[in-house]
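Please walk me through this structure.

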Amino acid sequence: RGLCNGFRLLRAFLRAFGHHLLPDACVVVRLGYQKGRLAQARRQMKWVSGMTVRILFVCLGNICRSPLAEGFFRHEAGLAGLEIEADSAGIRDWHEGNPPDKRSIKVAAAHGVDIAGQRSRPVVPEDFARFTHIVAMDRSNLEALSAMAPTGCVARLSLLLDHAEGLAGQDVADPWHGRADAFERCRDEVLLGVRGLLRHIGGAN
Ligand code: 4NP
C-alpha cells in the first residue's frame with residue numbers, strides 16, 4: 001500500500017506537469033502480484049491433477065522425525081478418507097532395520113498413533129522415481145536430497161513446514177539430543193506440516 005501511495009503521489013506530480021499518458025503503476029504492481037498468486041495456485045493444483053500421489057518423508061536417521069511424519073500422515077489421511085501411499089527414510093543408514101526411537105513412539109502413542117512397527121531404511125536412488133513427492137524435515141536433509149536427485153527426477157522435493165501456514169522454509173528441529181519436550185514440540189510441528197500437506201493434496205488450500 002505504501003508503494004501504491006508513492007506511485008499515486010508520483011503520478012499526481014507528473015500529471016500536474018502534463019504527463020497524462022503515464023501507465024497506472026499501481027495497477028501494474030497489483031497485476032504482478034495477482035499473477036504470482038495464480039502461479040502459486042497452479043503449482044498447488046498439480047497436487048490434485050489426478051496422478052497417484054506417493055509420499056516419502058525424509059530425515060537424517062529415520063528414527064525420530066520422519067517416522068512421526070509417516071505415522072501422522074497415514075493417520076490423518078485415514079481420517080480424511082484418503083488412501084495415499086506413504087513411507088519414510090533416512091539420509092544415513094546408521095539405524096537401518098531399527099524401530100523408531102522410543103521417545104517418538106511415546107509421543108505418537110499419546111495421540112493415538114502407533115509407529116512402533118516402522119523400520120529405519122536409507123534413501124535409495126529408486127525413491128526418486130517411485131515417489132511423486134519427497135518431503136524433507138530440515139534444510140540439510142533437503143540439500144542432501146537435491147544432491148542425490150538424478151537429472152529429470154520425477155519426485156517433487158519440499159520441506160515439511162513449507163506446507164504449514166506461516167512456517168515455510170523452516171526446519172522441524174532434530175530432537176535426538178533433546179529432552180522429552182523436544183519430541184513433543186517435534187510431534188506438534190510434524191502434525192502442522194502433515195495437515196497442511198493433506199490440504200494441498202486435497203486442493204483445499
Ligand atoms: P532423525 O534424528 O533424523 O529425526 O531420525 C536423528 C536420529 C539419529 C541421529 C541423528 C538424528 N544420530 O546421530 O544417530
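Ser88 counts as buried, because its relative accessibility is 3%. Buried means under 20% relative accessible area, exposed means over 50%, and partly exposed lies in between, with a 1.4 Å probe and protein chains only. This is a predicted model: local features need pLDDT of at least 70, side-chain atom pairs count only at pLDDT 80 or more, and totals for chains, interfaces and linings use all residues. Residues are numbered from 1 along each chain as its sequence is written, and side-chain values use heavy atoms, with hydrogens and water left out.

Ser88 sits in strand β2, residues 85-90. Strands (E, at least two residues) and helices (H or I, at least four) are DSSP runs, numbered from the N terminus.

Asn62 leads on to the ligand. Asn62 is one of the residues around the ligand, along with Cys59, Cys64, Trp94 and Asp174, among others. The shell divides into 6 nonpolar, 3 polar and 2 charged residues. Here Ala, Val, Leu, Ile, Met, Phe, Trp, Tyr, Cys and Pro count as nonpolar, Asp, Glu, Lys and Arg as charged, and the others, Gly among them, as polar. A ligand oxygen lies 2.9 Å from a polar backbone atom of Leu60. A backbone N or O atom of Gly61 is also 2.9 Å from a ligand oxygen. The side chain of His95 places an N or O atom 2.8 Å from an oxygen of the ligand. Taken alone, the ligand exposes 350 Å², and the protein buries 90% of that (Shrake-Rupley method, 1.4 Å probe).

What about the cysteines? The structure holds 0 disulfides (cysteine sulfur pairs within 2.5 Å). Cys64 is buried, at 5% relative accessible area. Its closest cysteine sulfur, in Cys59, is 6.9 Å away, so the two are too far apart for a bond.

Finally, the protein chain has 7 helices and 4 strands. Of its 205 residues, 40% count as buried.

Definitions and conventions. A residue is near a molecule or strand if one of its heavy atoms lies within 4 Å of it. A polar contact is a pair of N or O atoms within 3.5 Å; within protein, one must be able to donate a hydrogen and the other to accept it, and residues adjacent in sequence count only if both atoms are side-chain atoms.
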